[in-house]
Amino acid sequence: MEGTQKITGTHPLSAVIITFNEARNIGRCLKSLRDVADDILVVDSFSSDNTIEIAKSYGARVIQNKFEGYIQQKNFANSQALNDFILSLDADEELDDKLRSEIVKIKANSRADAYALNRLTNYCGRWVRHCWYPDYNIRLYNRCQGKWTGNTPHEWFQLNQEGSLVPKLKGNILHYSYYTVKDHFRKVEFYTDLAAKSLHEKNKSAKAFQLLINPFWTFLKMYFFKMGFLDGRSGLQICGISAYASYLKYKKLLALQRLQ
């Protein structure tokens, strides 16, 4: 794509992606924005690979900004977009054809301040249709009507006016989350560090019994209530590692408490 595609419509759209060493993924993400976004912005946290070069080759504007947290980085990215109407994607995501078509229609005739998009995750080469699906979140929105908030490392876009209508769009964000099980464990270590630190900074405490109860409930909820068993071997791995992540988060929080 030579330069960001310019599209006329009622609501010109800025696509915003935050990155750090995403050379493996960013091209696929940006390619899916062809004929959808009027402005493509990549906010990079000083990548050491060729993420920036790839982004520029797809016509994206690139701004480098120190990473101080997902919530802070996404709000900063919103502030740098050229348009108020924003599509927020992660570098390891892309739009499928149905969702691309839906967004183009919304641009021409938007009737809401925000829209929920469904995400379908690819785990080690397999699409996961139960453990993590459906997974609707606000990803298309008017930045003037809310901001990113949440509990690190889980963030979401919060509308200023509670109870606002948030229509669900057809199609999927395709999420290429983990290429190997080792990738999953590596991210579990990273995200549980962030989660434990965030909880500790908010004066949240952990009890020893949570090391047993919370992982058990996590596995039960995902494997049976969300029917993760229908995802086969991948479902069992995901539910087991998710339970381990719950255990690890509270173990790390307990360790931080004991340092006080």
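Which residues does Leu 82 touch, not counting residues up to four places away in sequence? With contact taken as heavy atoms within 4.5 Å, Leu 82 touches Ser 14, Asp 39, Arg 61 and Arg 143. Before going further, note that this is a predicted model, in which local features need pLDDT of at least 70 and side-chain atom pairs count only at pLDDT 80 or more, while totals for chains, interfaces and linings use all residues. Residues are numbered from 1 along each chain as its sequence is written, and side-chain values use heavy atoms, with hydrogens and water left out.

Leu 82 is placed in the loop between helix 3 and strand 4 (85-90), where helices (H or I, at least four residues) and strands (E, at least two) are DSSP runs numbered from the N terminus. Leu 82 counts as exposed because its relative accessibility is 55%; the classes used here are buried for under 20% relative accessible area, exposed for over 50%, and partly exposed in between, with a 1.4 Å probe and protein chains only. The C-alpha atom of Leu 82 is separated by 9.0 Å from that of Pro 12, although the two residues are 70 residues apart along the chain. For another pair, Ile 54 and Tyr 223, the separation is 169 residues in sequence and 39 Å in space, C-alpha to C-alpha. Ile 54 lies in helix 2 (residues 51-57), and, not counting residues up to four places away in sequence, Ile 54 touches Ala 23, Ile 26 and Gly 27.

We turn next to charged side chains. Side chains of opposite charge can pair when their charged atoms come close. A salt bridge is defined here as a side-chain nitrogen of Lys or Arg within 4 Å of a carboxyl oxygen of Asp or Glu, and by this rule the count comes to 11 salt bridges. One of these joins the side chains of Lys 74 and Glu 155, at 3.0 Å from N to O; this pair links distant parts of the chain, with Lys 74 in helix 3 (residues 70-80) and Glu 155 in strand 10 (residues 154-159), 81 residues apart. Lys 74 counts as buried, because its relative accessibility is 4%.

Arg 139 forms a salt bridge with Glu 93, and the closest N and O atoms are 2.8 Å apart. Since Arg 139 lies in strand 8 (residues 136-142) and Glu 93 in strand 5 (residues 93-95), the pair ties together parts that are 46 residues apart in sequence. Arg 139 counts as buried at 8% relative accessibility, and Glu 93 is buried with a relative accessible area of 0%.

Where a salt bridge falls inside one helix, the picture is local: Arg 186 and Asp 183 meet through their side chains at 2.6 Å, N to O, and because they are 3 residues apart in helix 5 (residues 181-201), they are separated by about one helical turn. Arg 186 counts as exposed at 51% relative accessibility, whereas Asp 183 is buried, with a relative accessible area of 16%. Elsewhere, salt bridges that share partners join Glu 93, Arg 119, Asp 135 and Arg 139 into one network.

The backbone also deserves attention. Most residues other than glycine have a negative phi, and most peptide bonds are trans. A cis peptide bond, with omega about 0 degrees, joins Tyr 133 and Pro 134, and Pro 134 lies in the loop between strand 7 (126-128) and strand 8. Asn 21 has a positive phi, near 50 degrees, and is found in the loop between strand 1 (13-19) and helix 1 (26-31); Asn 21 is partly exposed, with a relative accessible area of 29%. Asn 203 has a positive phi as well, near 60 degrees, and lies in the loop between helix 5 and helix 6, where Asn 203 is exposed with a relative accessible area of 69%.

Finally, consider the helix packing. The axes of helix 5 and helix 7 (residues 232-258) come within 8 Å and cross at roughly 35 degrees, the axes being lines fitted to C-alpha atoms over the stretch in contact, with angles that run from 0 to 180 degrees between N-to-C directions. The contact includes Phe 185, Val 188 and Leu 199 of helix 5, and Ile 241, Leu 248 and Leu 256 of helix 7.
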